[in-house]
Amino acid sequence: MARTLTFTSALLLLALSSTPAAPSASATKPGAPAEKKFEFEKHYLVLLKRAPNAPKMEPAALQKLQEEHLAHLTRMGESGKRVLAGPFDEQDDVGMRGACIYRTETKQEARQLAEQDPMVKAGRLQVEVLAWYTEKGYLAFPKAPPADAPKPTGK
């Protein structure tokens, strides 16, 4: 069994490491469009998960904390750092509460911003941050300020 697994693993690694041969000059026709270059864009996907030992709260306190959570997400959106957010429903894991897509330079910056969420600070939610690559041009965030937009001054 181990021998079969090792052989299969070796074949898989060999297949993944091989690169396709470049097309020969005779394979491309003069005037034919150039082959499309596959490009990626990187975003940070922040998963909001119920903390395993989330503190119990009175309904009024929880409502106030929820309002602060939404205000935080709004501020992150206005800054251009958070481009999309929303809760989950009909998920198999009820501990998964929602997700955000952050447009930051680093994973650490996305984590730092997400951890400023009052729900996270209160211990009700925890964050998991993943770098997420999508094909360039396929995701658009028409309601989010452009990445290079001037930031609100707060006046």
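**The nonpolar core and a buried aspartate**

Good morning. In the largest nonpolar core, which has 16 residues, the members that touch the most others are Val46, Leu48, Cys100, Tyr102 and Val127. Such a core is a set of buried Ala, Val, Leu, Ile, Met, Phe, Trp, Tyr and Cys residues joined through side-chain atoms within 4.5 Å, where buried means under 20% relative accessible area with a 1.4 Å probe, protein chains only. At least two residues of this core come from each of β1 (40-50), α2 (59-79), β3 (96-102), α3 (107-114), α4 (118-121) and β4 (125-135). Helices here are DSSP runs of H or I of at least four residues, and strands are runs of E of at least two.

This is a predicted model, in which local features need pLDDT of at least 70 and side-chain atom pairs count only at pLDDT 80 or more, while totals for chains, interfaces and linings use all residues. Residues are numbered from 1 along each chain as its sequence is written, and side-chain values use heavy atoms, with hydrogens and water left out.

The protein chain has 4 helices and 4 strands, in the order α-β-α-β-β-α-α-β from the N terminus. Of its 155 residues, 25% are buried.

Let me turn to Asp117, in the loop between α3 and α4. What does the side chain of Asp117 reach? It reaches the backbone nitrogen of Met119, at 2.8 Å.

Notes: Buried means under 20% relative accessible area, exposed over 50%, partly exposed in between (1.4 Å probe, protein chains only). A polar contact is a pair of N or O atoms within 3.5 Å; within protein, one must be able to donate a hydrogen and the other to accept it, and residues adjacent in sequence count only if both atoms are side-chain atoms.
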